Amino acid sequence: MASNVQTEQQHPPVFPNKTLPTEYPLIDNDPHFKRVVRYARPSDWAWAAGVAVAMPTAYVAMERVSPFPGVARDAFRGPMRLTIALGLAGGFLLAYSKSANRFYGFSENRREVDLDMREMTDRVKKGEPLYGHSRLSEYMQGVASRQTRYTGVNVAVLPWFNFVNHPHHGVDTAKYYQNAERELEAERTR
């Protein structure tokens, strides 16, 4: 005999959690463009340089191996400029993606965690807003944060960057204030 009592089923939330499960700590789920570039490691820029050099090198190698018959040498200037531009853009996007993935906690980020703590603690000590000033309304800051959260994951598909200062970053900012209090207390006791 079937029971008329409906059992409550577990449904996934309508809006997914703002943080993804990662092996490393989340620093920021919507980092500002300048922070991502500033926190990039030298190894990221080395990879970027490698990609930037690889594309024109491959183009020249293909032309040497199998030249296009009947075309003057000067005709390859335009395509060569294009491969250089694509190499530079691809290299930059690779460096940006590697740096952004550390903000999200997708790869080892001990250095970035320390840099973030230092930067934010210094801002707290100076009495500045943690993520900078914004001329946008609170509503527009929320819109901007929802549009750019975790966009560094798909930067190769659609380069979409956060250029807006806003307070929505998916982390508990109390840790910065607590660290600033500890440092100020240590300075007073000296």
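1. The accessible surface of the protein comes to about 12,900 Å², and carbon and sulfur atoms make up 60% of that. Keep in mind that this is a predicted model.

2. Now the overall build. You'll find 6 helices and 0 strands here, so the radius of gyration is worth a look: at 24 Å, it is well over the 16 Å that the globule rule gives for 190 residues, so the protein is more spread out than a compact globule. The C-alpha trace spans about 75 × 75 × 35 Å along its principal axes.

3. What about the inside? Of the 190 residues, 32% count as buried. Take the contacts with a separation of 6 or more: 83% of them come from residues 24 or more positions apart.

4. Have a look at Asp44, which sits in helix H2 (residues 42-65). Asp44 counts as buried because its relative accessibility is 0%, and the cut-off for buried is under 20%. Beyond its neighbours within four places in sequence, Asp44 touches Ala95, Lys98, Ser99 and Arg102.

5. Tyr150 is another one to click on. Its place is the loop between helix H5 (138-148) and helix H6 (174-189). Tyr150 is buried too, with a relative accessible area of 13%. The phi of Tyr150 is positive, near 60 degrees. Most residues other than glycine have a negative phi.

6. Finally, the record. An unreviewed UniProt entry lists residues 117-188 as "domain: NADH-ubiquinone oxidoreductase 21kDa subunit C-terminal fungi". In the model, that span is 50% helix and 0% strand, and its end C-alpha atoms lie 20 Å apart.

Conventions
Residues numbered from 1 in each chain as written. Predicted model: local features only at pLDDT ≥ 70, side-chain atom pairs only at ≥ 80, totals over all residues. Heavy atoms only, no water. Helix = DSSP H or I, 4+ residues; strand = E, 2+ residues; numbered from the N terminus. Buried < 20%, exposed > 50% of the residue type's maximum accessible area, 1.4 Å probe, protein only. Contact = heavy atoms within 4.5 Å. UniProt positions renumbered as here; feature names shortened; annotations may be inferred. Rg over C-alpha atoms; globule rule 2.2 N^0.38 Å. Areas by Shrake-Rupley, 256 points an atom, 1.4 Å probe, with all protein chains shown as cover.
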